[in-house]
Amino acid sequence: MVNQGVKVAVQAVMAIVILVLGVWLYRSITEPWEAIEREREVTAMTQERMSQVRTALVRYERTEDRFPESLDSLMIWVRSDSVIMANPDSIFESAGFNVDSLIYSPRTSKEFGYALNDTGRVAIYLLQDPDSDDHIGSELPDVTLLNAASWE
């Protein structure tokens with residue numbers, strides 16, 4: 001017959017093993033899900049930032065009657081535009097918006113890619129996220145793709 005003390009010890013060890021396995025199982029399920037959620041959040045932030053760049057590009061084009069040659073030119077113009085600088089939160093639809101971060105991807109802080117094609121009747125640009133396939137516009141001189149985002 002098994003001693004009562006041995007029986008209690010085996011039950012205690014089994015309870016600890018069950019507890020450890022439960023924690024391991026919980027973490028093995030939630031950690032990948034949290035990583036997916038973080039990636040979705042960063043993707044949404046990147047797409048929002050690209051939309052904000054599009055807003056600035058459209059304002060530039062309406063004011064200057066052309067698109068800028070580079071994102072640096074866009075930033076110089078944005079910083080000198082009194083309407084934008086007076087209230088960037090309302091123009092870019094983001095509370096506490098930092099204008100200096102406009103042309104950088106929230107994913108890795110790399111500058112967005114920008115190419116201007118002004119060889120056709122209508123100038124068109126391509127704005128690309130350096131870390132994903134997200135883009136706005138096209139390299140092709142197709143006016144239907146002007147300001148069109150790949151995720152919309």
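Tyrosine 114 stands opposite leucine 127 in S2, strands here being DSSP runs of E with at least two residues and helices runs of H or I with at least four, both numbered from the N terminus. The model is a predicted one, so local features need pLDDT of at least 70 and side-chain atom pairs count only at pLDDT 80 or more, while totals for chains, interfaces and linings use all residues. Residues are numbered from 1 along each chain as its sequence is written, and side-chain values use heavy atoms, with hydrogens and water left out.

S1 and S2 run antiparallel and are joined by five bridges. Another facing pair here is asparagine 117 with isoleucine 124 of S2. The link from S1 to S2 is a hairpin of six residues.

Buried is used for under 20% relative accessible area, exposed for over 50% and partly exposed for anything in between, with a 1.4 Å probe and protein chains only. As a general point, side chains in a regular strand alternate between the two faces of the sheet.

Zooming out, the chain has four helices and three strands, and along the sequence these follow the pattern α-α-α-α-β-β-β. Its radius of gyration is 26 Å, well over the 15 Å that the globule rule gives for 152 residues, so the chain is more spread out than a compact globule. This radius is taken over C-alpha atoms, and the rule is 2.2 Å times the number of residues to the power 0.38. The C-alpha trace spans about 95 × 35 × 20 Å along its principal axes. Some 30% of the 152 residues count as buried. Among contacts (heavy atoms within 4.5 Å) between residues at least 6 apart in sequence, 43% join residues at least 24 apart.

Angles run from 0 to 180 degrees between N-to-C directions, and axes are lines fitted to C-alpha atoms, for helices over the stretch in contact. H1 (residues 4–64) also packs against H2 (residues 71–80) at an angle of about 75°, the axes being 11 Å apart. The two helices are therefore roughly perpendicular to each other; that label covers 65 to 115 degrees, with under 35 roughly parallel, over 145 roughly antiparallel and the rest oblique. On the H1 side, Val53, Ala56, Leu57, Arg59, Tyr60, Thr63 and Glu64 take part, and they meet Leu71, Leu74, Trp77 and Val78 of H2. Sorted by class, this contact has eight nonpolar, one polar and two charged residues. Nonpolar covers Ala, Val, Leu, Ile, Met, Phe, Trp, Tyr, Cys and Pro, charged covers Asp, Glu, Lys and Arg, and the others, Gly among them, are polar.

Two further residues of H1 are worth a look. Threonine 46 is found in this helix and counts as buried, at 0% relative accessibility. Leaving aside neighbours within four places in sequence, threonine 46 is in contact with Ser105, Pro106, Arg107, Phe112 and Asp129. Glutamate 61, also in H1, is partly exposed, with a relative accessible area of 26%. With neighbours within four places in sequence set aside, glutamate 61 is in contact with Arg66 and Phe67. Its C-alpha atom is separated by 12 Å from that of leucine 146, 85 residues apart along the chain.

Conventions. Pairing = 2+ DSSP bridges.
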